Amino acid sequence: MTAAKDERRPAGELEAGVMAALWAADAPQTPAQVQLSLGAGLARTTVTTILSRLHEKGIVDRRRQGRGYAYFPVQDAHGLTARRMHTELDRDSDRHTVLARFVAQLSEDDERVLRDLLESGGP
């Protein structure tokens with residue numbers, strides 16, 4: 001195995017870093033701007049690929065800026081987590097059992113928060 005392969009980041013770590021850079025910015029960011037924010041020695045082409053994949057997944061949107069694009073997050077971090085939870089729930093055909101087991105594994109505090117949200121009709 002090569003040294004470069006030994007230093008590969010875990011799956012999702014690059015996407016998480018890119019999203020953190022976009023959330024921290026106060027305006028849409030080009031791949032070069034995201035690359036500078038990350039300061040991790042990533043090639044601009046790598047950052048562009050990650051942003052393109054996030055766009056394909058609907059996690060970021062983009063607008064034309066010069067010959068390229070500037071990217072911005074569609075949701076905040078909490079919204080993205082909720083979206084991932086829905087995605088996982090949609091993968092199983094027995095939603096009732098999945099939800100029942102999820103609720104059964106909640107801490108008392110989380111159960112109380114969920115109960116309050118359900119009773120009040122939302123956040």
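## Chain and elements

Helices (H or I, at least four residues) and strands (E, at least two) are taken here as DSSP runs and numbered from the N terminus. On that basis the chain holds 7 helices and 2 strands, and from the N terminus on its elements run α-α-α-α-β-β-α-α-α.

This is a predicted model, in which local features need pLDDT of at least 70 and side-chain atom pairs count only at pLDDT 80 or more, while totals for chains, interfaces and linings use all residues. Residues are numbered from 1 along each chain as its sequence is written, and side-chain values use heavy atoms, with hydrogens and water left out. Of the 123 residues of the chain, 18% count as buried, where buried means under 20% relative accessible area, exposed over 50%, and partly exposed in between (1.4 Å probe, protein chains only).

## The largest pocket

A pocket is an open set of points on a 1 Å grid over the protein atoms alone, where a 1.4 Å probe fits and protein lies on both sides within 12 Å along at least five of seven lines; lining residues have an atom within 4 Å of a point. The largest pocket contains about 420 Å³ of space, the volume being that filled by probe spheres set on the points, which are joined across faces, edges and corners.

Helix H5 (77-90), helix H6 (95-104) and helix H7 (108-120) are the elements that give two or more residues to this lining. Among the lining residues are Met85, Glu88, Phe102, Val103 and Leu118. By class, the lining has 9 nonpolar, 1 polar and 2 charged residues (Ala, Val, Leu, Ile, Met, Phe, Trp, Tyr, Cys and Pro count as nonpolar, Asp, Glu, Lys and Arg as charged, and the others, Gly among them, as polar).

## Salt bridges

With a salt bridge defined as a side-chain nitrogen of Lys or Arg within 4 Å of a carboxyl oxygen of Asp or Glu, the count comes to 5 salt bridges.

Arg95 forms a salt bridge with Asp90, with the closest N and O atoms 2.6 Å apart; Arg95 is partly exposed at 37% relative accessibility, and Asp90 is exposed at 54%. Within helix H7, Arg112 and Asp109 lie 3 residues apart, about one turn of the helix, and their side chains meet in a salt bridge (2.9 Å, N to O).
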